[in-house]
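Hi,

Here is the structure I promised to pass on. Have a look at it first, and then read on for what turned up.

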Amino acid sequence: MTQMPEPRGRLTPGKALSELTWLRVGGPADWLFQPADAEDLAAFLAALPAGMPVFPMGVGSNLIVRDGGIRGVVIRLGRGFNAISVEGARVTAGAAALDAHVARRAAEAGVDLSFLRTIPGAIGGAVRMNAGCYGRYVADVLVSARAVTRSGKIVTLSPGDLRLGYRQSHLPEGWVITEATFEGRPGAPEALAAQMEEQIARRDASQPTRARSAGSTFRNPAGFSSTGRADDSHELKAWSLIDAAGLRGARRGGAQMSEKHSNFLINADGATAADLEGLGEEVRKRVFQSSGIELEWEILRVGEPAPGNP
């Protein structure tokens, strides 16, 4: 048995990750570490054996954890990492701060980060995946990010260091984002609040927000998210390709492609991770047969299948 460091935060063996993901699936992590603060995280990673795998996990909003769970240490940031502060047009938020909370706090201070309001999840994941909607992305507003390296060093990263692209960054394996600073456009708080309410209404009308989902399942082959404008093209949107392949509402076990928005994979009825990932792979196969376009997963799939499953 590997000798584990003794941090100030909480270190839990055999934690069921199904309790922590929005899709409510996933086997156990060997260890779940919830650090007290950045210094606790840095000391823990510095003391952790170099061969021990590390997986940073946000609020589990964009994630399928396979049924066999995750070997190594899952790091989940909590209350020590959710502070939000505003100075002029700059907003600094801990990695565990919810995107929606950051958008609201910024708006109250007259800073427009309103596109974050409808993005599920927390700031660490938003930076890691260069989250965006309505034509704006984290890359458009990010000033810098703080992270702890796998060896336990605290570093500051520029947007160039992260090499942000459509739904991706180049954060080295095992590094953990701890906070980020953004600079938004000025705006009247009342106008920004009204804009966010309109965005929420539009999202709720078109997406299965009350279902167990992980947001958009596949990246748009067009290479950008929906702009929300009247002239938005749907030709290379993942949902339109799924519809064209006749897969809106398709099911596998307890998993389903939503009837409301066909690029949303939902846990409709006690799905396993294998159900969800299997349905997603079937959709990819049939969309390729239908259109010649190979959809790429936007949802992260991590961990090992259950024993006996391929």
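A106 sits in helix α2, which covers residues 99–108; helices here are DSSP runs of H or I with at least four residues, strands are E runs of at least two, and both are numbered from the N terminus. Before you go further: this is a predicted model, where local features need pLDDT of at least 70 and side-chain atom pairs count only at pLDDT 80 or more, while totals for chains, interfaces and linings use all residues. Residues are numbered from 1 along each chain as its sequence is written, and side-chain values use heavy atoms, with hydrogens and water left out.

Back to A106. It is buried, with a relative accessible area of 0% (buried means under 20%, exposed over 50%, partly exposed in between, using a 1.4 Å probe and protein chains only). Leaving aside residues up to four places away in sequence, A106 touches V91, V111 and L113, where a contact means heavy atoms within 4.5 Å. If you want a sense of distance, A106 and T272 are 166 residues apart in sequence and 38 Å apart in space, C-alpha to C-alpha.

Next, helix α1, residues 38–47. Its buried residues are A38, D40, L41, A42, F44 and L45.

N263 is another one to click on. You'll find N263 in the loop between β17 (255–257) and β18 (264–267), and it is buried at 3% relative accessible area. The side chain of N263 reaches the backbone oxygen of F218 at 3.0 Å. F218 is also among the residues that N263 touches, not counting those up to four places away in sequence; the others are G215, S216, T217, A238, W239, I242 and M257.

T118 is in a loop too, between β8 (111–112) and α3 (123–128). With a relative accessible area of 10%, T118 is buried. Not counting residues up to four places away in sequence, T118 touches C133, Y134, Q199, I200 and R203.

Now the whole chain. The protein chain has eight helices and 19 strands. Its radius of gyration is 20 Å, close to the 19 Å that the globule rule gives for 310 residues, so the chain is as compact as a globular protein of that length; the radius is taken over C-alpha atoms, and the rule is 2.2 Å times the number of residues to the power 0.38. The C-alpha atoms fill a box of roughly 55 × 55 × 30 Å along the principal axes. Of the 310 residues, 51% count as buried. Among contacts between residues at least 6 apart in sequence, 63% join residues at least 24 apart.

Cheers

Notes:
A polar contact is a pair of N or O atoms within 3.5 Å; within protein, one must be able to donate a hydrogen and the other to accept it, and residues adjacent in sequence count only if both atoms are side-chain atoms.
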